[in-house]
Amino acid sequence: MEATGTDEVEKIKSKFMSAWHNMKYSWVLKTKTYFSRNSPVFLLGKCYHFKTEESGELSTDGSNFDKINTEISGNVEEFRKDFISRIWLTYREEFPQIKGSALTTDCGWGCTLRTGQMLLAQGLMLHFLGRAWVWPEALDMDSSDSESWTSNTVRKLTASFEASLTAERDPKVLPRPQRGPARRSWDVTEMRNEVYHRKIISWFGDSPLAAFGLHQLIEYGKKSGKIAGDWYGPAVVAHILRKAVEEARDPELQGVTVYVAQDCTVYSSDVIDRQCSFMDSGKAGTKAVIILVPVRLGGERTNTDYLEFVKGILSLEYCVGIIGGKPKQSYYFAGFQDDSLIYMDPHYCQSFVDVSIKDFPLESFHCPSPKKMSFKKMDPSCTIGFYCRTVQDFEKASEEITKMLKSSSKEKYPLFTFVKGHSRDYDFASSPLHEENDLFSEDEKKRLKKFSTEEFVLL
């Protein structure tokens with residue numbers, strides 16, 4: 001009886017916490033973001049110009065497009081379409097319970113895992129869809145979506161409190177009215193792309209079977225001493241993503257690998273070895289690689305001397321973004337304008353979506369409006385990501401980034417380096433291709449311990 005009573009208390013406590021998180025994290029889309037008309041906007045390697053004869057600022061949520069001439073309006077819409085097409089992964093609630101805990105939400109602690117997911121998702125989008133792909137239905141989402149989502153959250157908040165008081169298992173929430181035009185007919189290429197679009201999102205579903213879902217990432221994190229509810233830094237998440245891709249069993253994912261830089265050094269031969277490793281089928285083939293580089297952009301605060309380098313990185317089409325943020329909050333940085341970074345915010349609590357069902361709703365996986373933050377506010381701990389489809393692409397990227405590092409750095413030493421050869425040639429204990437069956441080697445654990453003491457705490 002006592003155990004049953006404790007379980008009921010925990011359930012009621014969980015519902016109250018869920019209601020609180022809904023209220024705390026569900027208003028982030030209310031604020032509008034303004035862009036200057038006089039400066040170019042960069043988004044993951046693409047440049048957009050909003051310039052007009054009029055001075056002032058422009059909102060990208062669609063609220064004042066009528067004030068802009070047709071030519072410039074088209075460019076703003078292209079930017080909006082591109083931004084909305086990126087995959088947005090946020091806090092969720094009411095998903096299947098995480099193994100070894102009573103948690104059914106990641107509100108308040110999972111933001112760096114979510115930003116890591118967004119970076120990996122962009123890498124997979126480059127791999128399967130290419131940088132030119134945009135979601136055909138992107139502009140069907142307008143600013144009223146954020147309003148309706150917030151209204152829906154209020155209904156959930158009320159329903160959750162009522163359910164807690166009446167001991168209902170499933171809160172009753174009034175369904176949202178269906179809106180938007182009927183889907184137009186698609187050609188063969190668009191249908192193929194939509195299949196991959198949905199498949200990529202399904203790999204990040206909040207269920208134990210999803211290859212890169214929260215449940216799997218937490219399991220890999222346990223091997224580094226992390227548990228559900230802990231905070232995760234950008235460096236730790238980089239290694240968790242590497243392990244998740246290594247362990248993925250979907251045949252579609254056998255052509256992708258992840259390399260994590262060691263002590264701010266990318267060992268070229270180790271990367272190429274990963275790209276040329278055998279597939280699970282036993283057949284030889286060149287794999288695409290996602291390179292993750294955990295770095296610090298300064299000591300206690302971000303060094304503004306690194307601003308031009310960060311801009312340069314986000315100007316590259318093979319950049320897949322930056323896992324970073326400001327103290328106590330993690331963001332996914334995807335672009336910039338002037339000295340402000342453009343990002344997607346995971347701090348928005350949404351309901352669990354079952355991605356295993358056919359034609360699951362996609363809207364909550366795409367952000368209707370970008371946000372901006374001054375570079376000066378950025379926390380120095382971050383992880384930078386790149387995607388290279390072939391060995392030749394990697395070699396070209398390493399040369400290009402090395403030149404950028406040398407030209408943009410005012411410091412004595414560059415932020416990170418590309419070195420020829422293997423890590424073992426520099427007295428490292430083991431090659432990345434022959435690691436233990438653990439998430440991290442002993443050497444990696446020492447480095448991660450150093451990162452963990454330096455990285456920001458995520459509340």
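Trainee: Which aspartate meets the side chain of arginine 114 in a salt bridge?
Mentor: This is a predicted model. In this model the nitrogen and oxygen of the pair lie 2.8 Å apart. The partner of arginine 114 in this salt bridge is aspartate 106.

Trainee: Is arginine 114 buried or exposed?
Mentor: Its relative accessibility is 1%. Buried means under 20%. Therefore arginine 114 counts as buried.

Trainee: What is the relative accessible area of aspartate 106?
Mentor: Aspartate 106 is the salt-bridge partner of arginine 114. Aspartate 106 is buried too, because its relative accessible area is 0%.

Trainee: How many salt bridges does the structure hold?
Mentor: Opposite charges on side chains can pair when the charged atoms come close. For the structure, the number of salt bridges is 15.

Trainee: Which residues are linked with Asp82 in a network of salt bridges?
Mentor: Start with one pair. The side chains of aspartate 82 and arginine 86 meet at 2.8 Å, N to O. Both of these residues are buried. The network links Asp82 with Arg86 and Arg131.

Trainee: Which residues does leucine 43 touch, leaving out those up to four places away in sequence?
Mentor: Leucine 43 sits in strand 2, residues 41-43. Two members of the salt-bridge network, Asp82 and Arg131, are among its contacts. The list of contacts is Tyr48, Phe79, Asp82, Phe83, Arg131, Ala334 and Gly335.

Trainee: What distance separates the C-alpha atoms of leucine 43 and leucine 341?
Mentor: Leucine 43 is buried, with a relative accessible area of 0%. Along the chain, leucine 43 and leucine 341 are 298 residues apart. Their C-alpha atoms are separated by 9.8 Å.

Trainee: Which residue forms a salt bridge with aspartate 339?
Mentor: The closest N and O atoms of the pair are 3.2 Å apart. The pair links distant parts of the chain, 28 residues apart. Aspartate 339 is in the loop between strand 10 and strand 11, and its partner is in helix 9. That partner is lysine 311.

Trainee: Is lysine 311 buried or exposed?
Mentor: Aspartate 339, at 44% relative accessibility, counts as partly exposed. Lysine 311 has 13%. The cut-off for buried is under 20%, so lysine 311 counts as buried.

Trainee: Where is aspartate 338?
Mentor: Its phi is positive, near 55°, and the residue is not glycine. Most residues other than glycine have a negative phi. Aspartate 338 is partly exposed, with a relative accessible area of 39%. Its place is the loop between strand 10 and strand 11.

Trainee: What value is the phi of cysteine 264 near?
Mentor: Cysteine 264 lies in the loop between strand 6 and strand 7. With a relative accessible area of 27%, cysteine 264 is partly exposed. Its phi is positive and near 60°.

Trainee: Is the crossing of helix 6 and helix 7 left-handed or right-handed?
Mentor: The axes of helix 6 and helix 7 come within 9 Å and cross at roughly 110°. That angle makes helix 6 roughly perpendicular to helix 7. The crossing is right-handed.

Trainee: How many residues in the contact of helix 6 with helix 7 are nonpolar?
Mentor: From helix 6 come Leu217, Tyr220 and Gly221. They meet Ile240, Leu241, Lys243, Ala244 and Glu247 in helix 7. Of the contact residues, 1 is polar and 2 are charged, while the number of nonpolar ones is 5.

Notes:
Residues are numbered from 1 along each chain as its sequence is written. This is a predicted model: local features need pLDDT of at least 70, side-chain atom pairs count only at pLDDT 80 or more; totals for chains, interfaces and linings use all residues. Side-chain values use heavy atoms; hydrogens and water are left out. Helices (H or I, at least four residues) and strands (E, at least two) are DSSP runs, numbered from the N terminus. Buried means under 20% relative accessible area, exposed over 50%, partly exposed in between (1.4 Å probe, protein chains only). Contact means heavy atoms within 4.5 Å. A salt bridge is a side-chain nitrogen of Lys or Arg within 4 Å of a carboxyl oxygen of Asp or Glu. Axes are lines fitted to C-alpha atoms, for helices over the stretch in contact, and angles run from 0 to 180 degrees between N-to-C directions. Angles under 35 degrees count as roughly parallel, over 145 as roughly antiparallel, 65 to 115 as roughly perpendicular and the rest as oblique. A crossing is left-handed if the near helix is turned anticlockwise from the far one by less than a right angle, and right-handed if clockwise. Ala, Val, Leu, Ile, Met, Phe, Trp, Tyr, Cys and Pro count as nonpolar, Asp, Glu, Lys and Arg as charged, and the others, Gly among them, as polar.
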